[in-house]
Amino acid sequence: MKTKSIRNKIITAFLVASLIPFTASFFLVFKQGKEHLKENIINQQFSHLQFLEKAVINDFYNLHTELTFWANNQLLNDILVEDIDKRIQKFITSIKNKRIINGEIIVTDKNGKIISSTVSSLTGKKLSLKYLNSFFTDIHRIKVLKKPVMKLTVPIVSQINTEKIGYFTVFLYPEYFSKYTFKSPENTGSLYNKKENIFVGEEIPIPKIMQSRGYFEYLNYITVYTRIDDFYLNNWYILVQFDRDSVFQPIESMESTFTGIALLGIGIILLFSILVANNLVKPIEMLTETANYISRTKDYSKRVKIQSEDELGILASAFNNMLSEIQKALEKIRAENTERLKLFTKLIEIINKISSAKTEKEVIRIATTELEKFLNINRVQFVEKSPEKGINIPVSTETVKGFIHFDIGRKPTPEEEQFFKSVGRMVNLYIEKLELLNKAQEASKAKSSFISNISHELRTPLNSIIGFAQYLQMSETDEQNIQAARSIETAGKHLLDMINEILDFAKTEAGAVKVNKTKFQLDSLLKEVYSIIQPLVKEKNLQLIFPKNTGLKLNTDYRLLKQVLLNLLSNAVKFTEKGYIRLQVNKENGKVVFSVSDTGIGISKENLNKLFSEFSQLENPLQKKYRGTGLGLAISKRYVELLGGEISAYSEGEGKGATFTFYIPLS
């Protein structure tokens, strides 16, 4: 991959070497410089805020001093004689205009009644004495004024007897502090009353939680704030907001210039690194391309052409020498592999010949003759006693005992000894296989012969017994004797069915059952099966459900298919006391699927695997009253397999019925 080439690694190394000082200086000079600049500006703003805070507090207390001075004016003593004329009105109006108080001034008598005001509509109104007795009230609203105000009150004392004769009150609008606010493209200064959420000056977004002093950032702005540290004005904050861009513009301009110079330097370094990498990597690429070509094509005749006297030239020469050695070794290996393949093929042929032998003597004869040719040794023979010289491999089975003697004329290698022992084990195994096969064939013949003979011998007297029982039923008049004869007939027929099943099983096991395919309409076979099963179903008052007009034409063994259906349906009737027996037929993907369902005693899940075993009956308490050979399903399974299909069973459990399903090819 190109991303892992040496060229890219060299270029990357140059770039990393150049980027490290750039990144370090960029971080130290600009990133840290910005932080220091930001910190210095914030500290400067805090100093400015302290100055504004002192100015606001001094202004507030100067106003209080002037308010006290005004309250002691001789004119206000006219309140004692209720000399309400234009002199007090003129006095407070001149104070408002000269002092430029952004608010209203009122004078009340000692009961709180307004006797003079800079707002004519307030004259005659009355204020609470409790309200007037407090010197300062922060921003609030009163009924006599529509705008929020701050209140400063000083009592008016008589110069005659020093009694309180009224109140001198100033209602300041929050805009009074607007002289301490400012706004410019770079920064903005405002005052903020947190309790009433009122701004004086430009409104600035503020956080929900504010300390007594701090700063916060919002969008591209930094806002520095401090709370006025005064007993009366402690709900007020002074805020200064400034634009980051205007503050950091000089250093960002330097940053852009520095970045441009750095990128130009990196570009020059990159160009230089590419030139250096090409000179260094080109010979290595030639080596790599040659190695890839050889790996892909397995052509070891390819050579690297590098004309240089440096380390790369020495490496190329060593690489070419290595290729020459590999080419020679491969040619030798190919020749050896060809020879080994011939020997292996010959050995397989010998094993095939031995495995096709029909007798034990033939196995010995083929093994000794073929191995002598294969091994190209003096003599290989089977002997009863072990000779002193050569290699002797014992052969010991029930019918053959002796040694395979290899006369090689020298001491064998460990590998040869292992090979000869393997040959001996193979010969032993094939002889034992033949012996077991012969025993199995003889046992099968004996069993089939016995079953055939005994079933024939049993059926003859059984038929006589059944016939005699039928005769007694017709000739006897005594009902008890007739019932006894009927029982004999039933038991005889049951025994005859069992014998027939055993005989059918023996035939299938011996391979005596042949498939005779014929073409026929499935509906005709189903009608025949229905006519046989219907009486059994009717006798037990069950419902029999059969498919109608399948329209299918089969090419299979009529007799075997009929027997399978009869076996499954008979079993269903046998193990069902109430409900129904149902046969379904479906065509699926070139197959015919038959399904026999019942509502009988069912099958437990652990017994499903035993269903199709020979001479097996399930351990089901509900099944104890049903007896049989246990061969019906085993025979059905073998018949279905002979017809090229498979059979399976399903049940949800005991007492929940069962379903047997099998399929056979359409043709």
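The crossing of α9 and α10 is right-handed. In this predicted model, the two helices pack at an angle of about 30°, with their axes 10 Å apart. That angle falls under 35 degrees, and α9 and α10 are therefore roughly parallel to each other. The protein chain as a whole holds 11 helices and 21 strands, and 39% of its 667 residues count as buried.

**Contact of α9 with α10**

- On the α9 side, the contact is made by Leu-522, Ser-524, Leu-525, Leu-526, Glu-528, Val-529, Ile-532, Ile-533, Leu-536 and Val-537.
- On the α10 side, the residues are Tyr-558, Leu-561, Lys-562, Leu-565, Leu-566, Leu-569, Ser-570 and Val-573.
- Sorted by class, this contact has 14 nonpolar, two polar and two charged residues.
- Among the contact residues are Glu-528 of α9 and Lys-562 of α10, and these form a salt bridge in which the closest N and O atoms are 2.4 Å apart.
- Glu-528 is partly exposed, at a relative accessible area of 29%.
- Lys-562, with 19% relative accessibility, counts as buried, because the cut-off for that class is under 20%.

**Contact of α10 with α11**

- The axes of α10 and α11 come within 9 Å and cross at roughly 150°.
- Angles over 145 degrees count as roughly antiparallel, and α10 and α11 therefore run roughly antiparallel to each other.
- The crossing of α10 and α11 is left-handed.
- From α10, the residues in contact are Leu-560, Gln-563, Val-564, Asn-567, Leu-568 and Asn-571.
- From α11, Gly-632, Leu-633, Ile-635, Ser-636, Tyr-639 and Val-640 meet them.
- The residues of the α10 and α11 contact divide into seven nonpolar, five polar and no charged.

**Helix α11 and its end**

- The buried residues of α11 are Gly-632, Leu-633, Ala-634, Ile-635, Ser-636, Tyr-639 and Val-640.
- Glu-641 and Lys-637 form a salt bridge, with 2.6 Å between the closest N and O atoms.
- Glu-641 and Lys-637 are four residues apart in helix α11 (residues 632-642), so about one helical turn separates them.
- Just after α11, Gly-644 takes a positive phi of about 90°.

**Salt bridges**

- The structure holds five salt bridges, including Glu-528 with Lys-562 and Glu-641 with Lys-637.
- Another is formed by the side chains of Glu-577 and Lys-540, at 3.5 Å from N to O.
- Glu-577 lies in the loop between α10 and β18 (580-588), and Lys-540 in the loop between α9 and β16 (543-545), so this pair ties together parts that are 37 residues apart in sequence.
- Glu-577 is partly exposed, with a relative accessible area of 42%.
- Lys-540 is partly exposed too, with a relative accessible area of 25%.

- Thr-290 has its place in helix α4 (residues 244-297).
- At 6% relative accessibility, Thr-290 counts as buried.
- Leaving aside residues up to four places away in sequence, Thr-290 touches Lys-302, Arg-303, Val-304 and Phe-319.
- Ile-326 lies in helix α5 (residues 311-355).
- Ile-326 is partly exposed, at 29% relative accessibility.
- From C-alpha to C-alpha, Ile-326 and Ser-301 are 9.7 Å apart in space, while 25 residues apart in sequence.

**Contacts over the whole chain**

- Among the contacts in the protein chain with a separation of 6 or more, residues 24 or more positions apart account for 61%.

Conventions:
Residues numbered from 1 in each chain as written. Predicted model: local features only at pLDDT ≥ 70, side-chain atom pairs only at ≥ 80, totals over all residues. Heavy atoms only, no water. Salt bridge = Lys/Arg side-chain N within 4 Å of Asp/Glu carboxyl O. Buried < 20%, exposed > 50% of the residue type's maximum accessible area, 1.4 Å probe, protein only. Axes fitted to C-alpha atoms, helices over the stretch in contact; angles between N-to-C directions. Parallel < 35°, antiparallel > 145°, perpendicular 65-115°, else oblique. Left-handed = near helix turned anticlockwise from the far one by under 90°. Contact = heavy atoms within 4.5 Å. Nonpolar A, V, L, I, M, F, W, Y, C, P; charged D, E, K, R; others polar.
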